[in-house]
Amino acid sequence: MESSPIDSSSNASSGLSSSTSSPPHSDRDHQQITLTVTQLEQLKVEEKVSEIYRILSGAPTHTQTLMLELWRDKHIEFLTRGLNQLGPTYRVLDANRPWLCYWIIHSMALLRESLDIELENNAVDFLSRCKLPHLATTYAAVNTLVTLGSNSALLSINREALREFLLRMKDFCGAFRHVSSSFVKQTIFQLLNLCS
């Protein structure tokens, strides 16, 4: 079976593999660094992309245009397969699951591809059960549901509970500690037309 970063059976790809690092005052040139499976896969992707850029950079503009073909069907197949692997038994890096849904569903929307009704219902069901008290995760879940845009997706958002959660995230003076938190909160308020 093919391993995936979102496949629950693949712990190696989760980035949890151990790596050795040098003590603060050792001679790093003589120690071997062990990379995780995830790091090795990332290096392979970077090498492949660099190779493509090298080839394209030397080609004339009209040739570059012909060579840059989006394999839409392959992308849709990959994204759909990824979304199908976000089942209820997935536990590794649970807080990332709404982000994976967001990236996949947003990519599908950019490709102007709608989800089949069963896959959309599964995504809505999953996101409506997410109870992770974190602004960034909430941002991903809300944006995913808004991107889907169906009645079931939009009605699955408990707007009052979400408003109360967002208001609880303020510090004693009524502000958020980080600029990004303020952005996330404001975006959610705007998307759902909630009063702040």
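Because the model is predicted, local features need pLDDT of at least 70 and side-chain atom pairs count only at pLDDT 80 or more, whereas totals for chains, interfaces and linings use all residues. Residues are numbered from 1 along each chain as its sequence is written, and side-chain values use heavy atoms, with hydrogens and water left out.

Helices are considered first. They are DSSP runs of H or I with at least four residues, while strands are runs of E with at least two; both are numbered from the N terminus. Helix α4 spans residues 97-110 and helix α5 spans residues 117-129. Their axes come within 10 Å and cross at roughly 145 degrees. Axes here are lines fitted to C-alpha atoms, for helices over the stretch in contact, and angles run from 0 to 180 degrees between N-to-C directions. The crossing of α4 and α5 is left-handed.

On the α4 side, the contact (heavy atoms within 4.5 Å) is made by R97, P98, C101 and I105. On the α5 side, A123, F126 and L127 take part. The residues of this contact divide into 6 nonpolar, no polar and 1 charged. In this count Ala, Val, Leu, Ile, Met, Phe, Trp, Tyr, Cys and Pro are nonpolar, Asp, Glu, Lys and Arg are charged, and the others, Gly among them, are polar. C101 lies in helix α4. C101 counts as buried because its relative accessibility is 2%. Buried means under 20% relative accessible area, exposed means over 50%, and partly exposed is in between (1.4 Å probe, protein chains only). C101 and A123 are 22 residues apart in sequence, yet 7.4 Å apart in space, C-alpha to C-alpha.

The loop between α4 and α5 contains R112. This residue has a positive phi of about 55 degrees, although R112 is not a glycine. R112 counts as exposed, at 74% relative accessibility.

Salt bridges come next. The structure holds 4 of them. Each is a side-chain nitrogen of Lys or Arg within 4 Å of a carboxyl oxygen of Asp or Glu. In one, the side chains of K44 and E41 meet at 3.4 Å, N to O. K44 and E41 are 3 residues apart in helix α1 (residues 37-57), so about one helical turn separates them. K44 is exposed, at 51% relative accessibility. E41 is partly exposed, at 41%.

Another salt bridge joins E77 and R81, at 3.7 Å, N to O. E77 and R81 stand 4 residues apart in helix α3 (residues 72-84), so they too are separated by about one helical turn. E77 is partly exposed, with a relative accessible area of 46%. R81 is also partly exposed, at 33%.

R129 forms a salt bridge with D125, and the closest N and O atoms are 3.2 Å apart. Both residues belong to helix α5; they are 4 residues apart, so about one helical turn lies between them. The relative accessible area of R129 is 47%, so R129 is partly exposed. D125 is partly exposed as well, at 40%.

The aromatic rings form a further group. A pair of aromatic rings is described by the distance of the centres and the angle of the planes. Rings of Phe, Tyr and Trp (its six-membered ring) pair if their centres lie within 6.5 Å; planes under 30 degrees apart count as stacked, over 60 as edge-to-face and the rest as tilted. A search of the whole structure finds 3 aromatic pairs. W99 and Y102 form an edge-to-face pair, 5.8 Å centre to centre, with 85 degrees between the planes. Both lie in helix α4, 3 residues apart, about one turn of the helix. Both W99 and Y102 are buried.

The ring centres of W99 and Y139 are 6.0 Å apart and their planes lie at 40 degrees, so this pair is tilted. W99 lies in α4 and Y139 in helix α6 (residues 135-148), so the pair ties together parts that are 40 residues apart in sequence. Both W99 and Y139 are buried. W99, Y102, W103 and Y139 form one aromatic cluster.

Helix α6 also holds N143. N143 is buried, with a relative accessible area of 12%. Leaving aside its neighbours within four places in sequence, N143 is in contact with Y102, T187 and L191.

Conventions. A crossing is left-handed if the near helix is turned anticlockwise from the far one by less than a right angle, and right-handed if clockwise.
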